[in-house]
Each structure stands twice: as C-alpha cells, then as structure tokens.
Amino acid sequence: MKRSEIDRFVAMQLAAWPMARTNHDALADAVSKVVDVDGYPITLLALPARAASNKADIRPEAIAARPCFLCRANRPAEQQIHQLCGYEMLVNPYPIRPGHLTIVSPDHTPQSISERVTDIIAVARQLDGYTTFYNGPKCGASAPDHLHFQAVPTEYMVVWDNLDKIFWPHIHISATADDMERTLTLRLKSLPHTPADEPKVNILMRTPRPGHLEALIFPRLRHRPACFGEVLVSPGSMDMSGTIVTPRIADLDLLTPDLIRQIYSEVSLPSALIAGHPVPMISVGILEAPEVKYTDADGHRLTARGYETYAAVAPAAAESIAVEGVVIGKDFHWQQRQTQLFKGLLRFSRVGELTEVVNFIDVESYLRSVISSEMSADADPEFLKAHAVISRSWVLAQMATVDNPVPPPGQITDEERVMWYDRQNHDRFHVCADDHCQRYQGFSRAFVPAVVDALKATEGLVLTYDGRFCDARFSKCCGGATEIFSTCWQDVDYPYLTAVADTPDGALHSDLTDEAAATRWISSRPACFCGDAHPAVLAKALNSYDRTTDDYFRWSVSYTPDELDSLVNRKTGAAIGHITSITPLRRGPSGRIMRLRIEGTGGTIIIGKELEIRRALSESHLYSSAFIVRRSSERWTLEGAGWGHGVGLCQIGAAQMAADGYTFEQILSHYYPGANLSKAY
C-alpha cells in the first residue's frame, strides 16, 4: 500500500470523525523535550489523551468486565475500515504520532505473536513508509484480549537512525523477507516463555527497501517500572523505541537521565540473558512451597511469599542464585531436600496458596545440568554425547507439542484405576526439575570439561523422525529389553520407540507379552549390555545416590500378607480387603505389566499403567513393572527386572556400549531405530 494511499485514508477518516481529528490536531501543540541519555536522543512526549492507555488495568478480571473497544460491534460509528492482509486497518483515535494506525484482527482473539509472525511481516511489507509494531499482552497492550498491531510513519521512529546508541537490551534483525519469519520465530523461542504465556516483547518492523525487512525486538521483564504512579510511564513499543509517552506535562521534568536509565533497566530483560544466537529457552518448574528462601547473586538472603519477583544471573557468570528446600526424587526411595544453585532467570510467583519458583534457562545450559544430574560427568564421552542428543531431542519435542491437547490420563472407577503420568501435569512451565521429566539440579555441580565437550560436539543435534523432534525417552535400566510408549503413557506408539533387546543385534527372541515367557525371562539373567555392565563402568556413569543399590537389573521385594493388604488398600484407595490373588492381565514387549488385577475378599481392582502399578505395590515405587508374583503361606514376593519405564535409551546399557567402543551415533541407532540425526539450530 503506497504511502500516498495511506495518507489519503487517514485524511478521509479525520475529515469524517471530529474526535479523532481533534486528537490528531492536538499533536501539533503537544509538549515535548529531548533528553540525551548516553548519546541517545530520548524524546519525552506529554499526551493527556493517552491517559486511559497509560493507566489501563489489564488484570484478567478488569479486561473481562469491559466491552472490547477493538471489536467491530463496540467501535464508534465514524471509524472507517480498510482491509489489509486479512486485518482491518483503522485510524487510532488517540494517536501518539500523526498517521497513527491500528491494524485489528476481525476476530476477538487474544493478543499473541507466536502464531502471527507471518502476519506482522505481511503488514510491514504492505505499509510503505511506516513502522509496524506489536505490544505484547503484558507489556504495553491496553487491549490484550484482542489481537492487533499498530503503525506510525517511520520518520517519527528515530530509533532506526540510532541503532548503535541504544543503551537498553534489544535484538536487531536485518533479513530478507524469506528469512525474517524463521529468524524472528527462533528469537522469540530464545526468550523466557511458558506453555501458557508467550515471551514478553515489543516488536518494531519496517521495510527499508523492497524485499528486505528490519526488526527490533525489545525483550521485557516487567510491564511497568517501580516509579509508576510517581511518573505515569507505562512502556509500550513507542516508549521502548525511545519516545517516552506520559499523559502529564509535569512528568517531563521528573524524567531525568538517571530515571530514564532506571525505567529501561527495570522493564527490560537483562541483556546477559539474551543469547548471541538463538538457542531455545525452556521454563523449568523448581519448587512449590508456602514461602521460599533464596540467596541472590549479590549474597542477599531473601524470602518470597507469593508476590511476583525475579532474580537473574547470566548462565556464564560465576555467581548463582541459591534456592533452599528443593525436593529431588519426589516420592521415590531416595527423596531428599537440597539447597540448589541456579542461573538464568528465576521467577517467584503465587499459585493458589503457594509460592512457585520457575527457572528460565537456555536449552544448552539446561542440558549441561541434566547430563550431570542424570549421569556422572565422568562417564565415557560417547555416552555423554548420546545423552546430550536425546535430552535435547526430548525437551524440544515437549516444547514443540506442549500446546497440543493431551488425552485424559486414564480412568478411575470403583473397579478400575488405569492412569498414566506425562506432560499434562505441567501447564505453567515446560518441564519439571525432577525424574518425572529430566533430572535437573541447576548449577549445584561442578561441571567437568567432558560435559562441556559433549555439548559442544553435539550442539543443536537432535533426533528426528518424519521431520519432527523425537520424543526420546530414557530410563535407568531396561532389564534386557526396551519397552514401547503405549505401555507407559497414552495409547499411541512411535516407530523409533520400538522394543529392542539390549544386545548387539537388538533382536528379541522371546515374546515377553506371554506370561510363561515373561516368567522365564525375569527369572533368568540374560546376557545383555545393562546386565553385563562392569562395576567400573557403573562407578563412572552413575551418580552416588544411584549406586545405593546394585540390584537394579534383577530385584525382589517381599511382604507379609498383612503388609501387602495394608499397602494396596492404602495406596489405591480401594477397600478390597484381604488380598487373594495378583494377576497380570497385559504385558508390554519388555515384560512390563500395563494392566494388573488384584483380587481380595472385599472386591477386585484393575490397576494400570506402568507407573500406577509401581506406586500401588510399594511405599515409594517398585523399580519397574516387569515382575512376576510368587506366593507362599507367609509371604508375597515380587521378582522383577530393570529400573524405570524402559522406553528408549537404557542409561546403564548405553554406558556399557560406550565402554565397549560404540560411538554415540551407534548407541542412538540401537535404542531409537529409524530415527535421524538432524541439526535444530
């Protein structure tokens, strides 16, 4: 759309709408001043008509209580429309600059850029001589419930002529139109976000010449600075570009260079958290407690009690943030609390009656901790490389699919309790820090060069299948055969998570879904990588708390009848009385039970899937659900195989493979047949 056409549309609108014309005319008499801050010419602009936007209440309850002023049904009759790229272009009746436009979605859909990158690019390419901008729903959008962009003539955006003088955190992208979508999307994923909330950003975009685009991203931490109220500055895209807008003339004298620096510092994401190249950032749930005590990077011991606050330190910095009382091994036999050290961004906020701690950290730094937390950093380099690839693949797969609906986790009736536990448990962050996802213990460990080397050697490498990230599950010990996905989680399976024997040829020679074959298998000690793992390999590969037992490959637990009755009735919540029989109804191809019937004098209950069975028959968890039941007059004995769900890579088996000279590519090919190695970034 040529600039002359835009100017004509604006002129026609102002001629037909007295209120909009009055506010546009008032811009000529607006009080303003320019303040030099570290060489950047910050423009201060007093616009009384913008009071409603500056002071807008964007709490969900406030938004829900007012009619949406961007919906067509609620707009003034005088407001005209020009169709543009599937949006409705309007003249903004409360302008910041002459020719101020609002580009509105025809549908009442929430303000979000994550799925609209192509839209802002299309709009920016159409508006000749204009800069298009986007205010995130929590940083400058007075209508966060209705998707919209804004635009002003580029001659009023002095930021483009002062790129080298911007002293607050930002990301500058200059790219062809074809490359802008990919680059901008990757950059957004590299900023703090959760499944429910997109990154807090303001975005500016222009077309400096045909076929080329230029964008500025201003990553945000907060909506408003601490001085809001003293001065009515509520930064949006215009403010972040260097034109600070306030409705009060008196504020212009209060906005000194020191206060301006403070405002930009408080509302911006610290520059140390903005990666030089776009590595995805993940949100990790760390802890929930009535209050959380932590020590920030400056050594101040603080207490968070629900109010939203942040602590940050660069991933590469020597300092860390110490969080007390973090639970590891939740509900497992090794559960304990630790003070753990974290880097990146920590957010403390209220969830119900608790204070929740979420850590935002780039994926590569996250992996450095995961690899060391899951396995000893002294393990063989090829094993560490393999673990780097699968951990990266798994977490990127979770992030890529976290917005997709997940089926309900089974059913609970009086006779049946079939449950599975997966990512549907997390919606306020991508993953948790414990074994439910991947064991992440922050930066509490001294990371040895082998871990860093493994990450560098595989940076950005992932497993893919049919163009998608592989959901590369792993467990401690498969027990001689790996399991399929549907045995443990929802009723779907993946070609690369098939059952394989933990042997060089990978061939299963017995049908372990058959009860007699499973009994023979579990009662034996077949030759395989994890079963034959050398003690020296285990000493190098496993952390100390994983070496408190050596019966992970074949194990047994025993209960008196009274002990088992009490345990099962208590753990299942079913009053089945005195237990008379325990019968596997269905096993997976590794021999793991996915449906188990327990009969008693008071009734019968069917339990599934794999983890629910392990929980029902132990105070914490059985090592696995690959077990057989032996009964005498005095004892119930469960004899089992393996440690964990058994899907995907067997950590102990892979460690032995590496010790035997297998490369990380061969290890991955063994446990994920048919998957491809690809470069994600």
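## A bridge in the sheet

The model here is a predicted one. Zooming out from that pair, strand E21, which spans residues 416-418, and strand E29, which spans residues 603-608, run in the parallel sense and share 3 bridges.

## The whole sheet

Which strands make up the open sheet, and in what order? There are 5 of them, arranged E20-E21-E29-E28-E27, and their pairing is mixed. At the edges sit strand E20 (411-412) and strand E27 (579-587), each of which pairs on one side only.

## Two helices crossing

Now over to a helix pair. Helix H11 (residues 381-401) and helix H19 (residues 664-671) have axes that come within 8 Å and cross at roughly 55°. Because of that angle, H11 counts as oblique to H19. The crossing of H11 past H19 is right-handed.

Which residues make the contact? From H11 come Glu382, Lys385, Ala386, Val389 and Ile390, while H19 supplies Phe664, Ile667 and Leu668. Sorted by class, this contact between H11 and H19 holds 6 nonpolar residues and 2 charged ones, with no polar residues.

Technical notes: Residues are numbered from 1 along each chain as its sequence is written. This is a predicted model: local features need pLDDT of at least 70, side-chain atom pairs count only at pLDDT 80 or more; totals for chains, interfaces and linings use all residues. Side-chain values use heavy atoms; hydrogens and water are left out. Axes are lines fitted to C-alpha atoms, for helices over the stretch in contact, and angles run from 0 to 180 degrees between N-to-C directions. Helices (H or I, at least four residues) and strands (E, at least two) are DSSP runs, numbered from the N terminus. Angles under 35 degrees count as roughly parallel, over 145 as roughly antiparallel, 65 to 115 as roughly perpendicular and the rest as oblique. A crossing is left-handed if the near helix is turned anticlockwise from the far one by less than a right angle, and right-handed if clockwise. Contact means heavy atoms within 4.5 Å. Ala, Val, Leu, Ile, Met, Phe, Trp, Tyr, Cys and Pro count as nonpolar, Asp, Glu, Lys and Arg as charged, and the others, Gly among them, as polar. Two strands pair if DSSP finds at least two bridges between them.
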